[in-house]
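User: I would like to learn how to read this model feature by feature. Please give me the general idea each time, then the case at hand.

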Amino acid sequence: MPNAPVPLSWYLILSAILFALGVAGFIFRRNIITVFMSIELMLNAVNLSFVTFSYEFKQVDGHIYSFFVMVVAAAEAAVGLAIILTVFKNRATLMIDEVNSMKY
Amino acid sequence: MTALIFIVFAGIAVFCAINLVVQTHPIASALSLIGVMGSLAILYLQLGGEFIAAAQVIVYAGAIMVLFVFVIMLLNAGAEAVSFQASRFVRYLGALLLAAFLGLISLIIQAALPKTEGVLFGTFQGTALDVGRKLFTTYLLPFEVTSVLILIAIVGAIVLARKEV
Amino acid sequence: MNLWLIPILPLLGFLANGLFGRRIPKALINLFAVGSVALSFAWVVKTLLGLGPIETKYVEHYFTWIQSGMLNISVDFAVDRLTAVMLMIVTGVGLLIHIYAVGYMEHEGGYYRFFAYLNLFMFFMLVLVLAQNYLLLFVGWEGVGLCSYLLIGFYLTEQFATNAGNKAFIVNRIGDFGFSLAVFLIVRQFGTLDFAKVFDAAKGMPAEASAGILTAITLLLLVGATGKSAQIPLYVWLPDAMAGPTPVSALIHAATMVTAGVYMTARSATLFMKAPIAMDTVAVIGLATAFFAATIGLTQMDIKKVFAYSTVSQLGYMFLGVGVGAFSAGIFHLMTHAFFKALLFLGAGAVIHGLHGEQDLREMGGLFKHMKITAITLLCASLAISGVPGTSGFFSKDAILVAAYERAPWMYWVGVLTAGITAFYVFRAWFMTFMGEYRGHAHPHESPLVMTGPLMILAVLSLGGGFINVPRFLEPMFAEKAENQTLAWLSAGVGILGIFLAWIFYVAKRGLADSFAKAFGGLYTLVYNKYFVDEVYDAAVVEPLIEGSRTVLWRGIDAGLIDGTVNGVGQRSRGIGSILRLIQSGNIRSYAAWVVLGSIVLLIAIGFAGGLR
Amino acid sequence: MNLFNFYIVSLVKVAVVAFVLLTTLAYLQWIERKVIAHVQLRVGPYRVGPHGLLQPLADVVKLITKEGLIPSHVNKLFYLMAPFVAVTLALISISVIPFGPEIKIGPVDTWMQLTDLRIGILFVIAVSSIGVYGVALGGWASNNKYSLLGGLRSSAQMISYELPLALAVAAPLLLANTLSFREMVSYQSGYWLGFIPRWNLFPEILGFIVFMIAGFAETNRVPFDLPEAENELVAGFHTEYSSMNFAAFFMAEYANMVTVTAVATLLFLGGWQPPFPEPYSNFVPILVFAIGGLIALYHGLNPARRMDKFTLPATALVFLGIAAIFGLSLFVPMAKTILMALFWFCGKILILLFVFIWVRATLPRFRYDQLMRFAWIFLFPISMLNLLATSLIVALTTK
């Protein structure tokens with residue numbers, strides 16, 4: 001089998017797995033940065049399914065959507081990391097459980 | 001060939017993702033995330049998204065993750081004290097929920113996906129030309145709006161990160 | 001022909017002055033204000049020359065404004081002969097008054113504000129005139145109402161000014177209410193608002209079918225017209241409107257806006273023709289207004305009030321003309337009246353300007369030697385309004401009266417009597433102002449050229465304006481009326497008689513007037529207090545309204561019902577929130593877990609909803 | 001060509017390129033030391049072999065045989081991974097660089113290039129953009145404040161200079177309307193007025209300058225070598241490294257230099273296109289090598305030192321031989337194509353490399369804030385303007 005086609009659903013399921021792992025990271029980890037990275041992972045998973053569908057429909061729209069997702073992720077990273085820096089400056093911690101003054 | 005490449009890199013991606021979740025040290029997580037992105041880029045290439053693959057590497061791996069690594073180094077963030085210390089609710093339900101989630105999604109995908117022919121490398125090429133043309137005709141407005149968004153993000157980041165004077 | 005330029009130019013002037021007027025020098029404000037109006041006047045002239053003899057209506061379609069179901073309202077302007085006349089009047093007289101205002105408002109505060117409003121008014125008035133369907137006309141209609149409100153209340157630090165503004169606005173509301181009802185009826189009846197379509201449909205209707213509905217429509221239109229054009233019973237706002245600056249009184253409350261009612265009636269002539277009852281109503285209302293206003297004018301001591309009442313009564317004439325079917329004569333009188341009444345007001349303004357704000361006739365007198373130009377120009381206007389042969393008033397007023405005679409002789413006689421009274425009080429005002437010796441304490445002086453210039457132009461117009469044969473020009477649109485020389489000369493004679501009496505009363509034999517007032521004390525007080533109409537309205541309408549709103553609307557509905565509901569909603573949500581608060585653990589990750597749970601539920605829902613094939 | 005053939009050819013090409021490249025990297029270091037030495041009026045390496053020609057070998061032997069010691073308290077995995085990452089990423093991008101036109105040797109006809117991507121240029125940018133991880137990781141993993149500072153600096157510097165670099169690259173792309181190196185080069189073929197080569201250098205002079213400056217920064221070369229600023233942080237990110245790990249970092253740096261210069265050549269200097277029209281350009285290499293040989297011979301005949309009696313004539317012979325080869329190749333079309341392409345391409349690259357070394361020998365180092373300000377306040381706007389101007393021109397000229 002030099003060139004056996006791969007079922008489309010594999011890509012989608014892969015993206016689902018990655019997304020689920022991202023969610024897991026988001027739920028289980030305590031380090032803000034790791035949580036943040038889990039979000040990025042989820043975004044990537046979504047991108048993968050975008051590109052897959054774009055292959056399915058033989059149109060580049062999916063690529064463009066994932067491109068937008070990247071742009072938004074970049075903006076998000078810039079602001080989010082700035083926020084993390086500020087939080088660390090004020091709280092000297094990165095554990096989200098300890099940043100909970102909004103609760104009270 | 002296609003299948004082989006897919007299996008290899010999908011495996012790498014999943015492994016790295018798991019690594020991201022289980023590693024206690026942020027740097028390790030960051031590097032494994034980069035691994036995920038790299039392998040995803042390969043998969044994009046396979047799906048004919050050459051431009052998006054390059055963008056993936058340049059923007060994500062090359063810029064965003066560098067930023068992450070930079071911040072991690074800057075804060076010299078150490079490993080988490082206790083790794084899987086989750087809140088009460090989460091400890092019991094989280095894993096279960098995720099399993100259900102994953103199962104459902106794959107179920108729906110399997111059921112709902114039209115049974116078309118699979119992916120073969122080279123049957124579809126979303127060249128940079130096509131992407132650019134679409135981006136500047138159909139999606140012009142969103143494109144411009146994202147530029148504004150980025151501007152806002154820059155300003156916000158500067159305001160947040162500048163030292164109080 | 002780019003008709004849209006005509007209204008847009010003043011609008012630009014308004015924007016320029018309204019937005020930046022506070023910062024830019026007066027010269028620039030004048031440039032914007034006057035320049036824009038001058039430009040649009042020039043454009044009007046160019047357009048009319050370009051159109052030549054407008055045998056058929058020239059229409060320009062711009063865009064579809066409202067498209068709902070079968071109703072399709074588009075924004076388009078049109079020029080026919082009627083519109084042409086109105087355009088000339090509005091832009092021409094408007095331009096003169098703008099120039100005049102530059103001098104008059106010299107020392108007033110809120111200079112830019114005044115001119116911004118004035119330009120805005122021009123814009124709306126031109127829209128009104130150019131409009132090609134009832135809705136667009138209504139836009140202009142409301143817009144001019146708004147501007148008149150703003151300008152009446154221009155001295156917004158003065159209580160009486162703001163009150164007068166409110167009064168004008170509210171009274172106009174009543175009229176506009178009738179107007180809008182009429183518009184609804186038209187839509188319901190004809191399914192369109194476009195003039196051409198409506199009139200064709202109306203023409204097509206058989207008499208028995210048309211009578212009822214058309215009468216209703218036209219009567220409602222008439223309500224609107226009485227509101228805007230200050231006819232009985234809604235005339236009460238106009239005299240108070242004199243609280244505004246004099247150029248405003250001249251432009252809005254004499255020359256242009258108040259004639260909108262007449263214009264609208266003439267525009268809807270086709271409808272009125274099919275509704276004789278409505279026609280009679282118009283005629284009677286016009287006649288009554290003319291007579292009563294004239295009698296009130298006899299006794300007023302405030303120079304502007306005198307002219308205000310004379311405006312009301314002249315408008316009454318126009319309505320009489322329109323009502324008896326002499327539309328062309330009505331429009332003709334509208335034009336001439338625009339000339340001489342604008343002149344009267346501007347002249348009065350010059351006098352007031354010269355006397356540093358003095359408006360009371362008893363404080364004037366003998367000003368002839370101080371301000372000759374003003375006096376002479378005012379004399380021209382007075383001659384014109386009293387219908388002295390050769391002057392513009394003669395032709396237009398007599399055209400109306402003759403038409404009235406054709407309809408019913410008694411109308412003619414009342415009209416003639418009113419003409420006499422008109423001549424009397426106008427010259428009363430003139431004599432009290434310029435003859436005899438000065439009774440005031442100010443130091444009167446002539447106004448600058450920028451003010452007297454328009455006066456002179458208008459004087460020429462009001463003397464010679466009669467020779468512009470408007471009725472002939474409008475002939476293709478409205479049926480021409482019969483001539484009748486003797487009647488004309490008779491009314492003219494009565495007018496001259498009135499002038500003579502005024503001369504006796506106020507120049508030859510002083511005190512005669514006072515003795516008359518003594519003699520008919522009761523009548524005099526009655527007239528002097530304007531038949532107590534305002535008081536009656538207060539007692540009959542305003543008080544109950546206020547009382548009702550206070551008790552029912554405010555206490556009952558607003559405080560009780562609406563606030564109750566809102567507060568109740570607030571209470572409930574607070575209660576629910578106090579329960580929901582319990583799951584707010586403040587822990588992001590548990591929130592995330594909740595989100596996952598929700599998404600799972602959603603997925604299951606999708607699955608069962610048939611997402612699975 | 002069938003699949004087997006394809007693999008064979010590719011393997012051959014890879015082998016050749018790898019060998020040549022690695023040797024070049026080794027000798028580049030020698031050249032650098034020599035040049036700097038002469039700029040500073042020293043002789044430079046002289047002991048090992050004639051004029052120190054064997055110095056690189058000695059270095060290699062030394063570095064290999066040295067003990068690669070791993071300090072305690074370092075994160076072993078990343079510590080060992082960093083140099084590997086660095087050198088790999090540095091070498092990868094060579095694989096899309098074409099050295100010459102399509103050639104035909106016996107049965108096979110192929111390109112003088114390992115592989116051609118439709119997005120080759122993007123590929124190079126991407127690889128260079130993740131090249132930073134080697135340095136950053138090494139700096140962080142060696143658990144040493146100087147190294148950490150070096151790593152931080154390099155990552156910040158890389159991100160900052162990515163933008164001008166990318167923008168400067170974008171301008172020629174706009175002109176040529178392609179992302180592939182081959183088409184880029186073919187776009188630059190031909191001459192204006194018959195003698196001015198149609199290189200992007202002339203319309204894009206600003207872009208070229210910005211690209212070179214950003215290239216210096218991307219390769220952490222002087223005056224942007226803050227990650228390894230000896231006098232501030234002992235040796236920056238590779239303070240803790242020794243033996244082959246250290247060598248790997250060095251290889252990475254030189255490989256990056258080669259990549260940058262090669263890309264600059266391809267984008268702005270017309271790749272392997274000769275600077276003047278066909279017939280004349282053929283004789284240039286002959287003349288160059290012949291003259292070089294003659295000079296060497298002259299010096300050899302009246303030597304300054306004892307050794308020169310033998311070394312210089314030998315060099316002269318080599319040079320003359322090369323000149324002869326070029327001369328003969330004029331009669332073998334295919335050989336001529338190959339040699340000419342190689343000559344011009346390598347010539348241009350060598351000139352640019354010399355610029356690199358020259359700058360290192362002359363310019364002082366930036367201060368950190370100056371570095372950042374320079375990138376954001378000066379370089380970035382300039383390249384942006386250049387890009388805008390170019391796009392305007394393109395928009396106006398293309399129908």
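User: Which share of the contacts in chain D with a separation of 6 or more joins residues 24 or more positions apart?

Analyst: Two residues are in contact if their C-beta atoms, placed from the backbone, lie within 7 Å. In chain D, 75% of the contacts with a separation of 6 or more are between residues 24 or more positions apart. In chain C, 82% of contacts between residues at least 6 apart join residues at least 24 apart. This is a predicted model: local features need pLDDT of at least 70, side-chain atom pairs count only at pLDDT 80 or more, and totals for chains, interfaces and linings use all residues. Residues are numbered from 1 along each chain as its sequence is written, while chains are lettered from A and ligands numbered from 1 in the order in which they are written.

User: How many helices and strands are there in chain D, and what percentage of its residues is buried?

Analyst: Helices (H or I, at least four residues) and strands (E, at least two) are DSSP runs, numbered from the N terminus. Chain D has 13 helices and four strands. A residue is buried if 20 or more other C-beta atoms lie within 10 Å of its own, exposed if 12 or fewer, and partly exposed in between. Of the 399 residues in chain D, 42% are buried. Chain C has 25 helices and two strands. Its 613 residues are 51% buried.

User: What span should α10 of chain D have?

Analyst: The expected span is 1.5 Å times one less than the number of residues. Helix α10(D), residues 278–301, has 24 residues and should therefore span 34 Å. Its end C-alpha atoms are 36 Å apart, which agrees. The buried residues of α10(D) are P285(D), F289(D), G293(D) and A296(D). They pack against α11 (308–329) and α12 (333–362) of chain D.

User: How are two packed helices described?

Analyst: By the angle between their axes and the distance between the axes. Axes are lines fitted to C-alpha atoms, for helices over the stretch in contact, and angles run from 0 to 180 degrees between N-to-C directions. Take α17 (392–407) and α21 (485–508) of chain C: the angle is about 120°, and the axes are 9 Å apart. The two helices are therefore oblique to each other. Under 35 degrees is roughly parallel, over 145 roughly antiparallel, 65 to 115 roughly perpendicular, and the rest oblique.

User: Which residues of α17(C) and α21(C) meet?

Analyst: F394(C), D398(C), L401(C), V402(C) and Y405(C) in α17(C) meet L487(C), A488(C), S491(C) and A492(C) in α21(C). The residues of this contact divide into seven nonpolar, one polar and one charged. Ala, Val, Leu, Ile, Met, Phe, Trp, Tyr, Cys and Pro count as nonpolar, Asp, Glu, Lys and Arg as charged, and the others, Gly among them, as polar.

User: Now the backbone. Where is K58(A) found, and is K58(A) buried or exposed?

Analyst: K58(A) is in the loop between α2 (32–57) and α3 (61–91) of chain A. Its phi is near 55°, a positive value in a residue other than glycine. K58(A) is exposed, with 11 other C-beta atoms within 10 Å. L41(D) also has a positive phi, about 55°, and is not a glycine. L41(D) lies in the loop between α1 (3–39) and α2 (55–65) of chain D. With 6 other C-beta atoms within 10 Å, L41(D) is exposed.

User: Which residues does a cis peptide bond join in chain C?

Analyst: I232(C) and P233(C), with omega about 5°. P233(C) is in the loop between α8 (207–228) and α9 (237–240) of chain C.
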